[in-house]
Amino acid sequence: MLSWYEVAARDLPWRRPDCTPWGVFVSEVMLQQTPVARVQPVWLEWLDRWPTPAALAAQPPGEAVRAWGRLGYPRRALRLHAAASAMLAEHGGDVPDTEEALRALPGVGAYTAAAVAAFGYGRRTVVVDTNVRRVLARLVTGVALPAPSLTAADTSLATALLPARPATSVTWNVAVMELGALICTARAPRCGTCPVATSCAWRLAGQPPYTGRPHRGQAWTGTDRQVRGALLAVLREAPGAVTAAALRTAWPLDETTRERCLASLIEDGLVEPTADGRYGLPTGA
């Protein structure tokens with residue numbers, strides 16, 4: 001696995017030796033449920049504009065939402081801004097270097113904390129994402145896919161396999177992820193080019209089909225996610241607050257859905273009503 005990674009790893013900017021822990025932190029938040037190809041250009045723009053937590057924290061949260069573009073799940077932009085503000089207030093503008101301190105930041109869960117500790121600071125941590133879970137499920141337990149959600153067994157298995165040396169453990173974590181992203185994919189695994197195919201329990205068992213709870217995909221067309229995205233697109237492109245009439249043009253066919261989605265955006269802190277009845281991105285005031 002490690003030898004394969006040395007030659008097969010993608011050259012991604014957040015993996016380069018000169019990437020800061022802040023760059024790693026931003027990448028991990030952006031990469032949640034979002035493909036690398038969509039993240040990379042936005043990540044480069046963010047790091048050019050906000051190379052440190054302090055630089056982002058100095059801007060209104062609405063600017064983070066605006067720069068987030070169409071990455072999806074825009075509350076992540078607000079969480080990044082809140083985390084940057086906490087880093088400035090509580091850590092002197094630095095990204096914390098322990099999982100415990102990272103998890104205390106707004107919006108940071110177990111996966112992000114472990115990934116930043118590992119890839120930003122070289123710590124020996126157990127990093128378990130969807131790709132890791134799938135690779136280990138096939139390689140060790142012999143099933144086609146893991147359960148739809150993270151289980152204690154997933155974490156225990158990843159912990160048991162983690163190399164003892166911190167530097168090796170960091171490479172191991174990212175190598176397993178990369179194998180899942182490039183070779184051991186969910187729908188069309190390329191077993192013929194897999195570096196651990198001869199040891200794979202699932203392959204040796206004849207690749208039995210998955211029989212567990214279904215893994216449901218996430219719809220887009222016609223959903224509230226699409227409507228929320230359309231409303232935010234209007235606000236991102238406007239220099240300031242817009243009228244309700246401007247938002248109607250974003251989704252003119254279904255007023256009930258549009259109003260429900262606008263209300264949910266306000267509740268989530270992604271949109272702020274103004275005193276004169278217009279709507280804008282959050283100012284943080």
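## About the model

This is a predicted model, in which local features need pLDDT of at least 70, side-chain atom pairs count only at pLDDT 80 or more, and totals for chains, interfaces and linings use all residues. Residues are numbered from 1 along each chain as its sequence is written, and side-chain values use heavy atoms, with hydrogens and water left out.

## H8 against H11

Let's start with helix H8 (residues 110–121) and helix H11 (residues 166–182), whose axes come within 9 Å and cross at roughly 125°. That makes H8 oblique to H11. (Helices are DSSP runs of H or I with at least four residues, numbered from the N terminus; axes are lines fitted to C-alpha atoms over the stretch in contact, with angles from 0 to 180 degrees between N-to-C directions. Angles under 35 degrees count as roughly parallel, over 145 as roughly antiparallel, 65 to 115 as roughly perpendicular and the rest as oblique.)

So who touches whom? On the H8 side there are Tyr111, Ala118 and Phe119, and they meet Val170, Asn173, Val174 and Met177 in H11, where contact means heavy atoms within 4.5 Å. Sorted by class, this contact has six nonpolar, one polar and no charged residues. (Ala, Val, Leu, Ile, Met, Phe, Trp, Tyr, Cys and Pro count as nonpolar, Asp, Glu, Lys and Arg as charged, and the others, Gly among them, as polar.)

## H9, a mostly covered helix

Helix H9 (residues 130–141) is mostly covered: nine of its twelve residues are buried, that is, under 20% relative accessible area, while exposed is over 50% and partly exposed lies in between (1.4 Å probe, protein chains only). The buried ones include Val132, Leu136 and Arg138. Part of the cover comes from helix H10 (152–161), H11 and helix H12 (201–204).

H9 and H11 pack at about 80° with their axes 8 Å apart, which makes H9 roughly perpendicular to H11. Asn131, Val132, Arg134, Val135 and Leu136 in H9 meet Asn173, Val176, Met177, Leu179, Gly180 and Ala181 in H11. By class, that contact has seven nonpolar, three polar and one charged residues.

## Two positive phi values

Most residues other than glycine have a negative phi. Tyr73, in the loop between helix H5 (61–68) and helix H6 (75–90), has a positive phi near 50°. Tyr73 is partly exposed, at 24% relative accessible area.

Gln207 also has a positive phi, near 55°. You'll find Gln207 in the loop between H12 and helix H13 (224–237), and it counts as partly exposed at 37% relative accessibility.

Methods: Expected span 1.5 Å × (residues − 1).
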